[in-house]
Number of protein chains: 2
Amino acid sequence: MASVLRGMRLEGISAYAPGHVVSNARVAARLRLERMRTRRSGRLSAEEAKLFETSDRWVRRFIGFSQRRFCPEGEGTIDLATRAAQQLLARLDASPDGIDAIVFGSVTPSHLCSPPDAAMLQDRLGIPLWLGATPREMKGADVSLACSSWVTSLMLCYSLIRSDMAQRILLIGADRMSATINWRDRGFATVLGDAGTAVLCSAVPEEEDWFSPARFWSWLDGSCADMIRTPAGGSARPNPTARELATGQNKLAMDGAAVRSTLVPFVGGPAVEAALSKAGWSLADLDLVSLHEANRTLNASIVDMWRKRGFAGRVLDAGGRFGNTTAASIPLALALNPGHLSVGRRFGLFAFGGGLSASFALGTVRHPLPAFVELGQA
Amino acid sequence: MASVLRGMRLEGISAYAPGHVVSNARVAARLRLERMRTRRSGRLSAEEAKLFETSDRWVRRFIGFSQRRFCPEGEGTIDLATRAAQQLLARLDASPDGIDAIVFGSVTPSHLCSPPDAAMLQDRLGIPLWLGATPREMKGADVSLACSSWVTSLMLCYSLIRSDMAQRILLIGADRMSATINWRDRGFATVLGDAGTAVLCSAVPEEEDWFSPARFWSWLDGSCADMIRTPAGGSARPNPTARELATGQNKLAMDGAAVRSTLVPFVGGPAVEAALSKAGWSLADLDLVSLHEANRTLNASIVDMWRKRGFAGRVLDAGGRFGNTTAASIPLALALNPGHLSVGRRFGLFAFGGGLSASFALGTVRHPLPAFVELGQA
């Protein structure tokens, strides 16, 4: 009997970050420049002035980032994704012909409304669309759930393969977060970075499955929607005024203290316990974890809570050198630490953020996982 | 043996459209007003002037729409979705407690980047998040694939239920398309409208499944990405200039003639044949179809091609009274025609548009499908 391949493996992982490296000192200088420009249009209150103040020391201490990388003007999320995907296919010596779906996780679509990035990527990669006179099926979607976008996209890839609706999915996690920075607010200006990643998710026999339906766990809490929010520019406020544009109301803003006080105890305790309990695992079972690199001091607080509950594994991260790359952060951290993803290791991938939202995946590495990183030239 | 419920039914469908009805004459008047404003800032070429010209007669003849409805200022896609979902739960006498996932199909998210609409809807509906001290799992995603967003979202709902990863999903198709209108271009100004829809997708025993994995078919063609496109405002061009904003480059634009000449022969012929062949069906098997109501004359050309190939069923649509509501169009058409969705009917849902993209679903009604429509008061 022909077996249906209902398990999923990751066949390879690739990350790309652009060449323009931006230090903390550079971010601080840019904020100072914006403060000078702003002063010309009127006095700033002490509270307002504070939003422009930062330093390398402050960012390293309270956020844990040393630098990030920004796209050049004229490039968008699609360019980050294309480079990561091209590298993945080239290094794996894989043809685009077998790809039957693109799941494109991102919070910074290249275009509002249309065209979707998934469609643009089909063209950029030259994935064939015709078999003679018959169009070749090609599933796709742009998927967004704030900082939980990538694990949510991975979960959707799994459901497509598990349900026998796709066999070879290109999973993208890419964000040009620099496009959403308000340079009048250190809150996100010190945090965000740009990167693109690509993972090939392939159907395998069920006994080789890296995951299971019970190994995915998600959560949405809209009562905290205002904590990480773009006030203007979406359909709720589609035509920002000149003043709103000048003050960056169409860019992302965060109540950092509220995010920390809500997410640390939640992800550090009941959320991870609910996810592990669903999977029949405990924290002690995890050899490797990767947390969405939102803020390294926040993540350290979460990991501390896990350690007290029995977690003894290793944390894979990007070392504060890429900033918060949103949909790219977890696959970027995995690609930067290829040696640890060896066969037999049990891993946990933990994304959380705007919404508020959380999306977790637990799995076991069952095949070698080639990983590739390309850093653009300055 | 406890049976896993791997089939999916639609348990109810609901549509909401706002109270502000906008006639074709009103759209034509608004375009004339914009032309007058534009003239003040310089001469228009004959070509440019033409973009402002339309009339009730022209719109009825070439697009087939008589009117559309627009949200009031201050409301966004989330408000359309909330009303549709509240109505659905109230009329079905269904509790929000059992909902374990929200798949939110839209091309006009209420906020850029964050918060996601799926999270906001959890809060608006009061879907419980805690069972005592344990957080209750809640999956969710915002899904976008231009005019194919809703059928793609339906496909993802099916894969989640089929893979035993969700049992009761709230599927949203909602768009405040008025937010994306460029009032200096009749192309979309005569076409777009606002509406929200909600469908409850529930797990049922496999023998009661309305669908199957082979009954979904999708397609992406990024080589035609420019045909339906928002030039500025996305991550590829995040900071439109004042001139770009003044000329509506951050709004949706279309090459209508190219869209028609590409999509009509494709959807009318090889695409529908590929989808039906995959499902083992023919056009003659379809009792009911609903096409994304992009443009009624374009859709009529597609249906003509199908009729010549044996299609003898009924076309369910919104009669040109709501405009092109993107992610809401097909569920709105179904909700407006409840009498036809009787048990045993075989239906085809055909979405296509920006990307270019297409996403089709074929199914059989196996349970009664309550449908509700609420029109806002002017």
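This is a predicted model: local features need pLDDT of at least 70, side-chain atom pairs count only at pLDDT 80 or more; totals for chains, interfaces and linings use all residues.
Reader: What makes strand β15 of chain B largely enclosed by the rest of the structure?

Author: A residue is buried if 20 or more other C-beta atoms lie within 10 Å of its own. Seven of the eight residues of β15(B), residues 346–353, are buried, and therefore the strand is largely enclosed by the rest of the structure.

Reader: How do you know that β15(B) pairs with β16(B), and in which sense, parallel or antiparallel?

Author: Pairing requires at least two bridges between the strands. β15(B) and β16(B), the latter spanning residues 357–364, have eight bridges in the antiparallel sense. In this pair, B:G348 stands opposite B:L362. Three residues lie between the strands of the hairpin, in which B:G355 takes a positive phi near 140 degrees.

Reader: What makes β13(B) a partner of β15(B)?

Author: Again at least two bridges are needed, and four join β13(B), residues 288–291, to β15(B), the two strands running parallel. B:L288 has B:F347 as its bridge partner in β15(B). In β14(B), the bridge partner of B:L288 is B:R314. β13(B) and β14(B) meet the requirement with two bridges, in the parallel sense.

Reader: Why are β10 and β14 of chain B called edge strands?

Author: The five strands form an open sheet in the order β10-β16-β15-β13-β14, with mixed pairing. Each of β10 (216–220) and β14 (314–315) pairs on one side only.

Reader: How do you know that the two copies are related as by a two-fold rotation axis?

Author: Chain B superposes on chain A by a rotation of 180 degrees with 0.0 Å of shift along its axis, at an RMSD of 0.0 Å. The copies are thus related as by a two-fold rotation axis. The same surface serves both copies, since 100% of the contact residues of chain B recur in chain A.

Reader: Which residues and elements make up the side of chain B that touches chain A?

Author: Contact places C-beta atoms within 7 Å, and 73 residues of chain B are in contact with 73 residues of chain A. Among the elements that each supply at least two residues are α4 (77–92), α6 (149–162) and α10 (270–279) of chain B. α5(B) gives the most, with seven residues. By class, this side has 38 nonpolar, 25 polar and 10 charged residues.

Reader: What joins β7 of chain A to β7(B)?

Author: Three bridges join the two strands, which run antiparallel; at least two are needed for pairing. The bridge partner of A:S144 in β7(B) is B:D142.

Conventions: Residues are numbered from 1 along each chain as its sequence is written. Chains are lettered from A and ligands numbered from 1 in the order in which they are written. A residue is buried if 20 or more other C-beta atoms lie within 10 Å of its own, exposed if 12 or fewer, and partly exposed in between; C-beta atoms are placed from the backbone. Copies are superposed by least squares on the C-alpha atoms of residues with pLDDT of at least 70 in both. Two residues are in contact if their C-beta atoms, placed from the backbone, lie within 7 Å. Ala, Val, Leu, Ile, Met, Phe, Trp, Tyr, Cys and Pro count as nonpolar, Asp, Glu, Lys and Arg as charged, and the others, Gly among them, as polar.
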